[in-house]
Amino acid sequence: MSVALAVRARNYVAFNRSRFLFQINMSKESQMRAAINQKLIEMGERERLKELLRAKLIECGWRDQVKALCKEVIKEKGLENVTVEDLVAGVTPKGRALVPDSVKKELLQRIKAFLSQHST
C-alpha cells in the first residue's frame, strides 16, 4: 500500500470516527433537552416561564418591534400576496435577534435555578 493511500485511509477512519462521536453527542444532547423539557412541563414551570417571557418582551418593547416587522413584510409583499409562512420566514430571524440579552439571561437563570432545585 502506498503512503498516500495509507494516509487517505487513516484520514477516512478518523473522519468517520469523529462524525460518529458527534452524532452520539448530539443524540445525548437531544435526550437531555427532552428530559429537561418534560420536567419543566410536568412541574408547570414551562408555562410560568412562558408567561414571564411574554411579560418581559412586552415590557421591553419587543412585541411592538415585531409588529412593525410584520407590517414591513406585508407592505413589501402586499396584503393579498402575503401568507403566514411569509411572515414567519421574514420575521423570525430578526425577532429572535431583537430579544434583549437581559431577558435571555434572566430566563436562563430561572431555568438553572429550577433544575438545581429539582435535579434527580
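User: What is the mean pLDDT of the chain, and what percentage of its residues reach 70 or more?

Analyst: This is a predicted model, and pLDDT is the predictor's confidence in each residue. Here the mean pLDDT of the chain is 86, with 81% of its residues at 70 or more.

User: Which of the elements has the lowest mean pLDDT, and which the highest?

Analyst: The lowest mean among the elements, 75, belongs to helix 1, which covers residues 3-42, whereas helix 2, covering residues 45-59, has the highest, at 96.

User: How many helices and strands does the chain have, and in what order do the elements run from the N terminus?

Analyst: The chain has 5 helices and 0 strands, and the order from the N terminus on is accordingly written α-α-α-α-α.

User: How should I read the way helix 3 and helix 4 meet, and at what angle do their axes cross?

Analyst: Two packed helices are described by the angle between their axes and by the distance between those axes. In this model the axes of helix 3 (residues 62-77) and helix 4 (residues 84-98) come within 9 Å and cross at roughly 145°, and the crossing of helix 3 past helix 4 is right-handed.

User: Which residues in helix 3 meet helix 4, and how do the residues of this contact divide by class?

Analyst: From helix 3, the residues W62, Q65, V66, L69, C70, V73, I74 and K77 take part, and they meet D86, L87, G90, V91, K94, G95 and L98 in helix 4. By class, this contact of helix 3 with helix 4 comprises 9 nonpolar, 3 polar and 3 charged residues.

User: What share of the 120 residues counts as buried, and is E45 buried or exposed?

Analyst: A residue counts as buried when its relative accessible area is under 20%, and 13% of the 120 residues of the chain fall into that class. E45, which lies in helix 2, is buried because its relative accessible area is 9%. Leaving aside residues up to four places away in sequence, E45 touches L40 and F114.

User: Why is S102 classed as exposed, and how does L115 count?

Analyst: Exposed requires a relative accessible area over 50%; S102 has 52% and is therefore exposed, while L115, at 27% relative accessibility, counts as partly exposed. S102 lies in helix 5, residues 101-117, and L115 also lies in helix 5.

Definitions and conventions. Residues numbered from 1 in each chain as written. Predicted model: local features only at pLDDT ≥ 70, side-chain atom pairs only at ≥ 80, totals over all residues. Heavy atoms only, no water. Helix = DSSP H or I, 4+ residues; strand = E, 2+ residues; numbered from the N terminus. Buried < 20%, exposed > 50% of the residue type's maximum accessible area, 1.4 Å probe, protein only. Axes fitted to C-alpha atoms, helices over the stretch in contact; angles between N-to-C directions. Left-handed = near helix turned anticlockwise from the far one by under 90°. Contact = heavy atoms within 4.5 Å. Nonpolar A, V, L, I, M, F, W, Y, C, P; charged D, E, K, R; others polar. pLDDT = per-residue confidence, 0-100.
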